[in-house]
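Work through these exercises with the model open beside you. Try each task before you read its solution.

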Amino acid sequence: MSKILVVVGSGTKMGNTDQLADSFIKGATEAGHQVHKVNLTDHIEGCRGCGACQLNGNQCALNDIMQEIYPLFREAEILVMASPLYFWSISGRLKSFIDRLYAISTNDEYPHKDTMLLMTSGSKGFYAFEQAVSFYRFFINALGWTDRGMILAKGCKGEQGHRFIEEHYLLDAYRLGKTI
């Protein structure tokens, strides 16, 4: 049994990205894993680069939702990041989460995590996720983390009240969660 933290960087609760994350969570829970989901629709500030965390025993000076996330992150063995595609990259909310992980580093070293990426996009273009996946791979390689899989859902509808994600992507996310 693994402890899994799912961080959803969408601004819309119950949207396509949330549904994709929930499908993953259902599979992981059925497989016996302990899963905690955090939705970043609540206020999260970007890192100020003040360095206080490196002087204060890894305590970030900003007081927002990250203060609740840090303990969950520390105990998680697997980090699942879920984001809609915004301007060919991950959401600003998810990027703020990633930037704020600096607070837990010691000598620019981070505790090892297995990671996964779940993303949704309205685009059906083959190139849609290239920038986001490139960033994700660079980021986890720089920290020495291990990629355990990605689900990149294309062709989602995102208009308010008209959300749509193809069922096979939800099934893929479920299976990914089930096979950890």
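**Exercise 1.** In which sense do β1 and strand β3 (residues 78-84) pair, and over how many bridges?

*Solution.* Start with the ground rules. This is a predicted model: local features need pLDDT of at least 70, side-chain atom pairs count only at pLDDT 80 or more, and totals for chains, interfaces and linings use all residues. Residues are numbered from 1 along each chain as its sequence is written, and side-chain values use heavy atoms, with hydrogens and water left out.

Next, the terms. Strands (E, at least two residues) and helices (H or I, at least four) are DSSP runs, numbered from the N terminus. Two strands pair if DSSP finds at least two bridges between them.

β1 and β3 pair in the parallel sense, over five bridges. Take two positions as a check. Leucine 5 has leucine 79 of β3 as its bridge partner. Valine 6 stands opposite valine 80 in β3.

**Exercise 2.** How many residues of β3 are buried, and which ones point each way?

*Solution.* In β3, seven of its seven residues are buried. Then sort by direction. Ile78, Val80, Ala82 and Pro84 point one way, and Leu79, Met81 and Ser83 the other way. In a regular strand the side chains alternate between the two faces of the sheet. Strand β1 (residues 3-8) has five of its six residues buried, so it is largely enclosed by the rest of the structure.

**Exercise 3.** Classify the aromatic pair of phenylalanine 73 and tryptophan 145, then that of phenylalanine 87 and tryptophan 88.

*Solution.* Rings of Phe, Tyr and Trp (its six-membered ring) pair if their centres lie within 6.5 Å; planes under 30 degrees apart count as stacked, over 60 as edge-to-face and the rest as tilted. The structure holds five such pairs.

Phenylalanine 73 and tryptophan 145 are 6.0 Å apart centre to centre, with 45° between the planes: a tilted pair. Phenylalanine 73 lies in helix α3 and tryptophan 145 in the loop between α5 (130-143) and β5 (146-153), so the pair ties together parts that are 72 residues apart in sequence. Both residues are buried.

For phenylalanine 87 and tryptophan 88, the centres are 5.9 Å apart and the planes are at 80°, so the pair is edge-to-face. Phenylalanine 87 is exposed, at 77% relative accessibility. Tryptophan 88 is partly exposed, at 48%.

Finally, look for a network. Ring pairs link Phe73, Phe135, Phe139 and Trp145 into a cluster.

**Exercise 4.** Where are asparagine 58 and aspartate 108 placed, and what is the phi of each?

*Solution.* Recall the background: most residues other than glycine have a negative phi. Asparagine 58 has a positive phi of about 65°. Its place is the loop between α2 (52-55) and α3 (66-75). Asparagine 58 is partly exposed, with a relative accessible area of 21%.

Aspartate 108 also has a positive phi, near 60°. It is in the loop between α4 (92-100) and β4 (114-120). Aspartate 108 counts as exposed, at 56% relative accessibility.

**Exercise 5.** Describe the whole chain in terms of element order, burial and contacts.

*Solution.* Count the elements: six helices and five strands. From the N terminus on, they run β-α-β-α-α-β-α-β-α-β-α. Buried residues make up 48% of the 180 residues. Last, contacts (heavy atoms within 4.5 Å): among those between residues at least 6 apart in sequence, 76% join residues at least 24 apart.

Key. Buried means under 20% relative accessible area, exposed over 50%, partly exposed in between (1.4 Å probe, protein chains only).
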